[in-house]
Amino acid sequence: WEFNGSFYQPSAFLMMGIPGLEALHHWISIPFCALYLIALLGNCMILFIIKKTQSLHEPMYYFLSMLAVTDLGLVLCTLPTTLGIFWFNMRRIGFDACLTQMYFIHILSFIESSVLLAMAFDRFIAISRPLRHPSILTKTTIMKIGLVIILRGMVSLLPIPFLLKRLTYCGKTELSHSFCFHPDIMNLACTDIKVNVFYGMIILLSTVGMDFIFIVLSYILIIKTVISLATKEECLKALNTCVSHICAVLVFFIPMIGLSMIHRFGKNVPPLVNTLVAYTYLIIPPALNPIIYSIKSSHIREALLRALRRKSE
């Protein structure tokens, strides 16, 4: 502990694996390793295929590249501490290191939310204005959107580490997860955390909350546009281009909303449920997104098959 008058700050926190199943951590690490491997290889494959295939140099796949990079970042943020606990029981993480990990996890989560919104906008333009789609979403426009997404996440979350550093911590230093999460750290403080709670809620609602609302509005407009199409075949073809994105949205937002609700209102929720929802939120989307897009996108599937044939020759 560091002592400065009445101000106390722990030198480190203790992270938690899966509560009640500590003896089985080595066995539990096997599915986690599989998910991490799928996420790493799958997202790298998506990036490689998009880069090498000229026909995939379109707005939809540029945004998919952003999603893949974000998913890789999320995986690399949580992999060292999660597998460190499962394999070596390395539970200790320095205070500043914890704040750094927390900052990047939240930034990447906010970026993923914004990228999913940009992908919804892309689908709306592609369906409602197909002829103007390339001229609206040019490479320059997509780069500007990507830059705004990154800056929005970095700036909005910048005060969070400083708000946590000003708090006094005492007694309990055990986190609920194998990674650092803002509400989790905040709840270990023994001083007034109203500012942290208020700022956290405002940022969450004004970023992820607004992204989700605009995604829903985008799909309402998409459905209205699709209904106005002449034939049933055209309707199905238009909607089919959105299936992958809808799956990615559900896979990301459902666990994220669940985890936020548990941390703020679920005082009586069993620790095991809290832990499983957290892992679902941070590990499942990066692993599933490449699979979803590889299965549903015929262009990516065909490019992957061509690449495999070239390697076999």
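A residue counts as partly exposed when its relative accessible area lies between the buried limit, under 20%, and the exposed limit, over 50%. Leu-217 has 41%, so it is partly exposed. The model is predicted. It holds one disulfide, and a nonpolar surface patch includes Leu-217.

**Nonpolar patch and its helix**
- Met-210, Phe-212, Ile-213, Phe-214, Val-216, Leu-217 and Ile-220 make up a nonpolar surface patch.
- Together these residues have about 570 Å² of accessible area.
- Leu-217 sits in helix α8, residues 194–227.

**Annotated transmembrane regions**
- An unreviewed UniProt entry lists "transmembrane region" for residues 24–50, 62–88, 100–121, 142–164, 197–222, 243–264 and 276–295.
- In the model, residues 197–222 are 100% helix and 0% strand, with end C-alpha atoms 36 Å apart.
- Residues 62–88 are also 100% helix and 0% strand. Their end C-alpha atoms are 39 Å apart.

**The disulfide**
- Cys-98 is bonded to Cys-180, with an S to S distance of 2.0 Å.
- The bond links distant parts of the chain, 82 residues apart: Cys-98 is in helix α3 (residues 95–128), and Cys-180 is in the loop between α6 (159–165) and α7 (182–186).
- The link is left-handed, with -120 degrees about the S-S bond.
- Cys-98 is buried at 0% relative accessible area, and Cys-180 is buried at 0% as well.

- Cys-33 is in no disulfide; its nearest cysteine sulfur, in Cys-44, is 17 Å away.
- Cys-33 is partly exposed, with a relative accessible area of 25%.
- The closest cysteine sulfur to that of Cys-242 is in Cys-247, 11 Å away, so the two are too far apart for a bond.
- Cys-242 is buried, at 1% relative accessible area.

Notes: Residues numbered from 1 in each chain as written. Predicted model: local features only at pLDDT ≥ 70, side-chain atom pairs only at ≥ 80, totals over all residues. Heavy atoms only, no water. Patch = residues over 30% accessible without salt bridge, like charges linked within 9 Å, V, L, I, M, F, W, Y side chains within 5 Å. Areas by Shrake-Rupley, 256 points an atom, 1.4 Å probe, with all protein chains shown as cover. Salt bridge = Lys/Arg side-chain N within 4 Å of Asp/Glu carboxyl O. Helix = DSSP H or I, 4+ residues; strand = E, 2+ residues; numbered from the N terminus. Buried < 20%, exposed > 50% of the residue type's maximum accessible area, 1.4 Å probe, protein only. UniProt positions renumbered as here; feature names shortened; annotations may be inferred. Disulfide = S-S within 2.5 Å.
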